[in-house]
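Me: I'm new to reading protein structures. Could you walk me through one, feature by feature?

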Amino acid sequence: MTNPIYINQKEIQKRYKQPGKHTHKGIQGHALIIGGSYGKIGAVSLSAKACLKTGCGLVTVFIPKCGYTILQTAIPEVMVLTDIQEEKISNITFEIAPQAIGIGPGLGQKIETQKALHQFLKTNKTSLVIDADALNILSQNKEWLSLVPPKTILTPHPKELERLIGKWYSEEEKINNTISFSKQHQVIIVMKGAPTQIIDGETVYENTTGNAALATAGSGDVLTGMITSLLAQSYEPISAAILGVYLHGLTADIALPETGYQSFIASDVIANIGKAFLSITV
Ligand SMILES: NC(=O)C1=CN([C@@H]2O[C@H](COP(=O)(O)OP(=O)(O)OC[C@H]3O[C@@H](n4cnc5c(N)ncnc54)[C@H](O)[C@@H]3O)[C@@H](O)[C@H]2O)[C@@H](O)CC1
Ligand SMILES: Nc1ncnc2c1ncn2[C@@H]1O[C@H](COP(=O)(O)OP(=O)(O)O)[C@@H](O)[C@H]1O
Ligand SMILES: [Mg+2]
């Protein structure tokens, strides 16, 4: 099996870019997060807030109508576009030109939403992060993977990965099958877990941050927002994935002495992104 490259402080120093002194929100990246359905607007809310807190200049969400007031109240910094439907996404249309799109958190898998994702993939040319229900929809319609732009980042947890690549019977088989999938579809796969591994063709990266405090609802939705943010800020897709995963894990390592494993929640990831950035820049 290929030896992994460990994602440690040294690997991060090679990739991290400090924002320029004269930067402004117009060049600091505009990210779009698409997702949400009735009862799962929180997933988009977490993702969008994490996206902002990871340094993106502008963040817009595209959600079903029922999430409008929730989003505008929860995060006034975020701009909101809504679908024509109340409870689910049915037609993804927007006139903005984001540099990166994260799609999937809380999306649901209703048939109209599946069709909307298909239509979106047929026309989209923007760099993408695909997570959660958008991955589950792709697993049910594998032929749509040919519509995904090269170097798209997929962020499956183990069950989502199984739906995508099928069952495995050893760690080695899991990695080998994921490598084959990554090469076949030219995608980067963030295999979330303990530890998270990132597969980019034949190259395997293994994260060194994070702990069991991250086993909490919404922590993956937050990761999607963080990686989308970095992608919108012009990081190469592989660097956005590596830096996002490392910082995400670091938040839990930083917070652990204060929260313990049990009381750490996804919002604590977001609350500690600043400290995580500070600790990689010293
Ligand atoms: N506040 C919110 O609105 C939240 C919304 N969420 C959304 O809910 C939808 C469903 O996502 P879920 O992931 O809950 O449902 P899924 O059905 O995709 O995954 C849950 C299944 O995967 C298994 N699984 C998950 N992590 C695993 C691991 N590390 N090892 C082994 N098995 C693992 C679980 O045991 C369970 O069987 C998504 O759209 C997601 O974004 C969740 O992220 C939770 C929070
Ligand atoms: N025991 C653990 N140790 C380290 N990281 C973990 C652990 N459990 C979960 N995580 C991390 O938490 C995140 C969970 O993502 P996901 O299952 O998609 O959550 P959700 O869909 O609820 O947002 C992943 O980044 C995963 O690597
Ligand atoms: Mg998830």
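Me: Let's start with one residue. Is Lys 192 buried or exposed?

Reply: The idea is to count how many other C-beta atoms lie within 10 Å of the residue's own, and 20 or more makes it buried. Lys 192 has 24 C-beta neighbours inside 10 Å, so it counts as buried. Keep in mind that this is a predicted model.

Me: Where does Lys 192 sit in the chain, and what does it touch?

Reply: Look for the elements on either side of it. Lys 192 is in the loop between strand E8 (188–191) and strand E9 (197–200). Leaving out residues up to four places away in sequence, Lys 192 touches Thr 155, Pro 156, His 157 and Gly 220.

Me: Which residues does UniProt list under "binding site"?

Reply: Here you read a record and then check it against the model. The unreviewed UniProt entry places that feature at Lys 192, Gly 193, Ala 194, Pro 195, Thr 196 and Gly 220. They are spread over 29 residues of sequence, yet they cluster in space, with a largest C-alpha distance of 13.6 Å.

Me: And Thr 196, buried or exposed?

Reply: Thr 196 counts as buried because it has 25 C-beta neighbours inside 10 Å. Thr 196 is also found in the loop between E8 and E9. Beyond its neighbours within four places in sequence, its contacts are Val 190, Met 191, Asn 207, Gly 210 and Val 245.

Me: How do I read what's around a ligand? Which residues come nearest to ligand 2?

Reply: Ask who is there, then where they come from. Of the 17 residues around ligand 2, the nearest are His 157, Ala 194, Leu 214, Ala 215 and Gly 220. Helix H8 (residues 219–232) gives the most to this shell, with four residues. By class, the shell has seven nonpolar, eight polar and two charged residues.

Me: How many residues surround ligand 1?

Reply: There are 18, and Lys 40, Gly 42, Ala 43, Ala 132 and Lys 159 are the closest. The ligand 1 shell divides into six nonpolar, seven polar and five charged residues.

Me: Last one: what is the mean pLDDT of the protein chain?

Reply: Check the predictor's own confidence. The mean pLDDT is 97, and 99% of the chain's residues reach 70 or more.

How values were computed
Residues are numbered from 1 along each chain as its sequence is written. Chains are lettered from A and ligands numbered from 1 in the order in which they are written. This is a predicted model: local features need pLDDT of at least 70, side-chain atom pairs count only at pLDDT 80 or more; totals for chains, interfaces and linings use all residues. A residue is near a molecule or strand if its C-beta atom, placed from the backbone, lies within 6 Å of it. Helices (H or I, at least four residues) and strands (E, at least two) are DSSP runs, numbered from the N terminus. Ala, Val, Leu, Ile, Met, Phe, Trp, Tyr, Cys and Pro count as nonpolar, Asp, Glu, Lys and Arg as charged, and the others, Gly among them, as polar. pLDDT is the predictor's confidence in each residue, from 0 to 100. UniProt positions are given in the numbering used here, feature names are shortened, and annotations may be inferred rather than shown by experiment. A residue is buried if 20 or more other C-beta atoms lie within 10 Å of its own, exposed if 12 or fewer, and partly exposed in between; C-beta atoms are placed from the backbone. Two residues are in contact if their C-beta atoms, placed from the backbone, lie within 7 Å.
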